[in-house]
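The sequence and coordinates are shown first.

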Amino acid sequence: ATGNINTKIVNEGGLEPLCRLLLSEDHEVLREVTACMCNLSLGDENKFEITKSGAVAPLISLIQSEDSIVAHFACECLANLAEMTDNQAFIAREGAVTPCITTMRSRHIEVQRESGRL
């Protein structure tokens, strides 16, 4: 059932406001929006749409967040998106490689684990 809700959110234009929220300076907003994007990125049917929505660049910035929850969800979302071969080159072109390597050195194991999936 969750997959249907996630697909509906994407199909009905939910990515545009979510991408705007990825630019928030409020840590609570960032925790919630990165968790939401992570959930949306679980469905193969959404991965390409998320990648082309403009979410990748802000997610790359957020993997370096001092807030380990934000960094974890941002890493997990990018790793989920990168499961599609077609998205991998785009994510790399957006500049994910160096921040990802840096993030692998995080003191938070959950952030290390997800960045290692990229």
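## The loop between α5 and α6

D67 lies in the loop between α5 and α6, where helices are DSSP runs of H or I with at least four residues, strands are E runs of at least two, and both are numbered from the N terminus. This aspartate is buried, with a relative accessible area of 10%; buried means under 20% relative accessible area, exposed over 50%, and partly exposed in between, with a 1.4 Å probe and protein chains only. Leaving out residues up to four places away in sequence, D67 touches H27 and R31, a contact being heavy atoms within 4.5 Å.

Not counting residues up to four places away in sequence, I63 touches A71, A74, C75, L78, P99, C100 and T103. The C-alpha atoms of I63 and E114 are 9.7 Å apart in space, while the two residues are 51 apart in sequence.

## Basis of the model

The model is predicted: local features need pLDDT of at least 70, side-chain atom pairs count only at pLDDT 80 or more, and totals for chains, interfaces and linings use all residues. Residues are numbered from 1 along each chain as its sequence is written, and side-chain values use heavy atoms, with hydrogens and water left out.

## Overall fold

The protein has nine helices and zero strands. Read from the N terminus, its elements follow the order α-α-α-α-α-α-α-α-α. The radius of gyration is 13 Å, close to the 13 Å that the globule rule gives for 118 residues, so the protein is as compact as a globular protein of that length. This radius is taken over C-alpha atoms, and the globule rule is 2.2 Å times the number of residues to the power 0.38. Along its principal axes, the C-alpha trace spans about 35 × 30 × 25 Å.

Of the 118 residues, 44% count as buried. Among contacts between residues at least 6 apart in sequence, 65% join residues at least 24 apart.

## Nonpolar core

The largest nonpolar core has 29 residues, and those with the most contacts inside it are M37, L59, L78 and L81. Such a core is a set of buried Ala, Val, Leu, Ile, Met, Phe, Trp, Tyr and Cys residues joined through side-chain atoms within 4.5 Å. Two or more residues come from each of α2 (15-21), α3 (27-40), α5 (56-62) and α6 (68-81). The most is given by α6, with seven residues.

L81 touches S41, K47, I50, T51, V56, L59, N87 and I91, not counting residues up to four places away in sequence.

L30 belongs to helix α3 and counts as buried at 5% relative accessibility. Leaving aside neighbours within four places in sequence, L30 is in contact with L21, L22, S24, L62 and V70. L30 and D67 are 37 residues apart in sequence and 9.3 Å apart in space, C-alpha to C-alpha.

T7 is in helix α1 (residues 2-11). Neighbours within four places in sequence aside, T7 is in contact with E45 and N46. A C-alpha separation of 9.8 Å is found for T7 and D44, which are 37 residues apart along the chain.

## Surface and charge

The protein exposes about 6400 Å², of which carbon and sulfur atoms supply 53%. Accessible areas come from the Shrake-Rupley method with a 1.4 Å probe; for residues, only the protein chains shown count as cover.

The mean positions of the 10 positive and 17 negative charges are 4 Å apart. Lys and Arg count as positive and Asp and Glu as negative, while His and the chain ends are not counted. The place of a charge is taken as NZ of Lys, CZ of Arg, CG of Asp or CD of Glu.
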